[in-house]
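Morning, everyone. Please bring up the structure, and then I'll walk you through it.

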Amino acid sequence: MREDAVIDAHALDWLAERLRSAGAVTAMTGAGISAESGVPTFRGTDGLWRTYSASDLATPEAFARDPRLVWDWYRWRQGIIGRAQPNPGHLALARLQSRLPGFRLITQNVDGLHQRAGCRDVVELHGNIWRARCARGCGVLADQSGNAPGAAASDQGDRLPVCPCGALLRPDIVWFGEALDRDQLDLAVRSASACAVFLAIGTSALVYPAAGLPLVAGRAGAVVVEVNLEDTPLTPHAGLVLRGSAAEVLPALEARL
Ligand code: APR
């Protein structure tokens with residue numbers, strides 16, 4: 001069944017029935033799910049990449065060139081994210097996870113709001129803004145939650161964070177031109193290949209390999225559902241399109257389960 005519905009009850013009932021009978025359900029989120037928590041998206045009207053240059057802030061070359069500039073930007077984003085709260089969309093996904101045994105959540109977001117909403121075992125494809133890792137690759141991972149607004153001031157102050165091995169620490173974020181964590185990507189591909197329903201929520205479906213996951217699911221026979229305010233390159237490949245905000249559509253769906 002293909003239907004372009006704006007939160008139409010019939011489409012939600014149809015989908016809820018599929019979720020109930022599905023052995024495995026995979027959901028993948030993008031920046032759109034956190035937009036209603038006040039976290040800017042990347043390519044939306046006030047998207048970060050409309051104001052900031054990714055090549056100056058989100059590449060390994062940019063970090064090598066000016067680590068202060070990069071850290072200052074990530075600390076600014078930590079400020080915004082630290083003040084944000086999970087919204088009804090995040091909370092509905094956490095409830096879906098607790099009600100659907102074979103539910104797997106994959107996210108492109110680095111904000112940690114799914115975990116704060118109560119989601120477990122979240123596959124973080126692009127890293128997490130509350131972690132740092134050794135820029136030289138010695139394997140050290142460092143908690144950055146001390147940078148959250150209201151957190152006990154870390155003794156780091158304004159200095160750049162340094163790894164015990166002497167190298168700089170860098171945000172544990174996957175930057176443009178970098179490979180994703182092998183284990184996280186494998187888990188995501190396996191979940192997409194094995195699910196009966198794949199929910200693509202609040203993503204522009206432009207950045208690969210994440211944007212390829214709903215297509216993997218569709219080729220494996222899953223029903224691909226897009227939840228978004230607008231069309232994306234994924235729209236023609238979706239079996240169901242729910243045109244609405246994640247914070248409205250997901251609670252309405254979960255309520256029908
Ligand atoms: N509900 C549902 N969808 C929404 C909402 C909302 N409230 N608000 C915005 N959207 C949709 C937009 O229409 C857009 O399609 O969310 C999408 C956000 O797209 P992007 O800003 O491109 O974010 P995302 O798809 O997550 O970007 C992928 O690109 O910059 C890199 O690493 C970064 O993880 C990021 C990746």
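Let's start at one side chain. Glutamine 108 touches Met28, Thr29, Gly30, Leu125, His126, Thr203, Val207 and Ala210, leaving out residues up to four places away in sequence. Where does glutamine 108 sit? In the loop between β3 and α8, which spans 113-116. Is glutamine 108 buried or exposed? Its relative accessible area is 12%, so it is buried. The cut-off for buried is under 20%.

One caution before I go on. This is a predicted model.

Now the overall picture. The protein has 11 helices and 10 strands. What radius of gyration does the protein have? The value is 19 Å. A compact globule with 257 residues would have one near 18 Å, so the two agree. Along the principal axes, the C-alpha atoms fill a box of roughly 55 × 35 × 35 Å. Of the 257 residues, 51% are buried. The accessible surface is about 11,300 Å², and carbon and sulfur atoms account for 53% of that. On contacts: take those between residues at least 6 apart in sequence. Of these, 68% join residues at least 24 apart.

Next, the cores. The largest nonpolar core has 32 residues. Leu15, Leu93, Ile201 and Leu242 have the most contacts inside it. Which elements give two or more residues to this core? On the helix side, α1 (9-21), α7 (88-99) and α11 (246-255). On the strand side, β2 (25-29), β3 (103-107), β8 (197-201), β9 (223-228) and β10 (240-243). Helix α1 gives the most, with six residues.

Look at leucine 15. Its contacts are Val197, Leu199, Val225, Leu240, Leu242 and Leu253, again not counting residues up to four places away in sequence.

Aspartate 13 lies in it. With 41% relative accessibility, aspartate 13 counts as partly exposed. Aspartate 13 and alanine 255 are 242 residues apart in sequence. In space, C-alpha to C-alpha, they are 9.9 Å apart.

On to the aromatics. How many aromatic pairs does the structure hold? Eight. Take phenylalanine 42 and tryptophan 49. Their ring centres are 5.6 Å apart and their planes sit at 35°, so this pair is tilted. Tilted covers the angles between the stacked limit, under 30 degrees, and the edge-to-face limit, over 60. Phenylalanine 42 is partly exposed, at 23% relative accessibility.

Here is another pair: tyrosine 52 and tryptophan 76. The centres are 5.4 Å apart and the planes at 50°, so the pair is tilted. What does this pair tie together? Tyrosine 52 lies in the loop between α3 (48-51) and α4 (54-57), while tryptophan 76 is in helix α6, residues 67-83. So the pair ties together parts that are 24 residues apart in sequence. Tyrosine 52 is partly exposed, with a relative accessible area of 28%. Tryptophan 76 is partly exposed too, at 36%.

These residues belong to one aromatic cluster: Phe42, Trp49, Tyr52, Phe63, Trp73, Tyr74, Trp76, Trp175 and Phe176.

The peptide bond from tyrosine 208 to proline 209 is cis, with omega near 10°. Proline 209 is in the loop between β8 and α10, which covers 213-219.

Alanine 205 is found in the loop between β8 and α10 as well. Its phi is positive, about 55°, although it is not a glycine. At 8% relative accessibility, alanine 205 counts as buried.

Aspartate 121 also has a positive phi, near 50°, and it is a residue other than glycine. Aspartate 121 lies in the loop between α8 and β4 (123-124). Is aspartate 121 buried or exposed? Exposed, with a relative accessible area of 56%.

That's my tour. Over to you for questions.

Notes: Residues are numbered from 1 along each chain as its sequence is written. This is a predicted model: local features need pLDDT of at least 70, side-chain atom pairs count only at pLDDT 80 or more; totals for chains, interfaces and linings use all residues. Side-chain values use heavy atoms; hydrogens and water are left out. Rings of Phe, Tyr and Trp (its six-membered ring) pair if their centres lie within 6.5 Å; planes under 30 degrees apart count as stacked, over 60 as edge-to-face and the rest as tilted. Buried means under 20% relative accessible area, exposed over 50%, partly exposed in between (1.4 Å probe, protein chains only). Helices (H or I, at least four residues) and strands (E, at least two) are DSSP runs, numbered from the N terminus. The radius of gyration is taken over C-alpha atoms; the globule rule is 2.2 Å times the number of residues to the power 0.38. Contact means heavy atoms within 4.5 Å. Accessible areas come from the Shrake-Rupley method with a 1.4 Å probe; for residues, only the protein chains shown count as cover. A nonpolar core is a set of buried Ala, Val, Leu, Ile, Met, Phe, Trp, Tyr and Cys residues joined through side-chain atoms within 4.5 Å.
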